[in-house]
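Biologist: I am new to this model. Please show me how to read it.

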Amino acid sequence: MALQASTGLRNKLLDTNSLRSIFNLGFLEIYGGSVPTSPDGSISGSTLLVRISNNNTATGLTFAASAASGAITKNLSETWSKAAAAAGTATFWRFVAAGDTGVLSTTEARIQGTIGLAGADLNTTSLSYTSATVYTIDAFAISLPSL
């Protein structure tokens, strides 16, 4: 699976919204278990391991003020971290807008990708998550291919 954009995200980007504004104060969610075939799919059958937020709080995440070379990065002034809600092995991640409930939807803006130790959409030092341990994402970027 490569990086996937939901139908809702694609439609919003094609209308009038920027990726940065769509996901302003959103969350990076890391899951274990069944991987939905697309980001439109429900997360039922998956376990939320950790919902990364701004500095281990309930505050959502933001991206850099501007993109460069076709990519936008995490806001470097933020510490993207959170204590894991459950233990398990990570199988995929989703970046979601605030308020996303994870149900089947063609209107929710979501990005879904692979997680791994190397060569994935999101590379981490371990795929094993332990409940209550704080995990941090040091680098994160979303890029769009040239057409």
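**Helix and salt bridges**

Modeller: Start with helix 1 (residues 7–15), whose buried residues are Thr7, Gly8 and Leu9. Buried means under 20% relative accessible area, exposed over 50%, partly exposed in between (1.4 Å probe, protein chains only). Helices (H or I, at least four residues) and strands (E, at least two) are DSSP runs, numbered from the N terminus. This is a predicted model: local features need pLDDT of at least 70, side-chain atom pairs count only at pLDDT 80 or more, and totals for chains, interfaces and linings use all residues. Residues are numbered from 1 along each chain as its sequence is written, and side-chain values use heavy atoms, without hydrogens and water.

Biologist: What do the buried residues of helix 1 pack against?

Modeller: They pack against strand 1 (4–5), helix 2 (19–22) and strand 7. Contact means heavy atoms within 4.5 Å.

Biologist: How many salt bridges does the structure hold?

Modeller: Side chains of opposite charge can pair when their charged atoms come close. A salt bridge is a side-chain nitrogen of Lys or Arg within 4 Å of a carboxyl oxygen of Asp or Glu. The structure holds two. In one, glutamate 29 pairs with arginine 51, with the closest N and O atoms 2.9 Å apart. Glutamate 29 lies in strand 2 (residues 27–33) and arginine 51 in strand 3 (residues 46–54), so the pair ties together parts 22 residues apart in sequence.

Biologist: Is glutamate 29 buried or exposed?

Modeller: Glutamate 29 is buried, at 7% relative accessible area. Arginine 51 is partly exposed, at 28%.

Biologist: Which residue forms a salt bridge with aspartate 100?

Modeller: Arginine 110, with the closest N and O atoms 2.7 Å apart.
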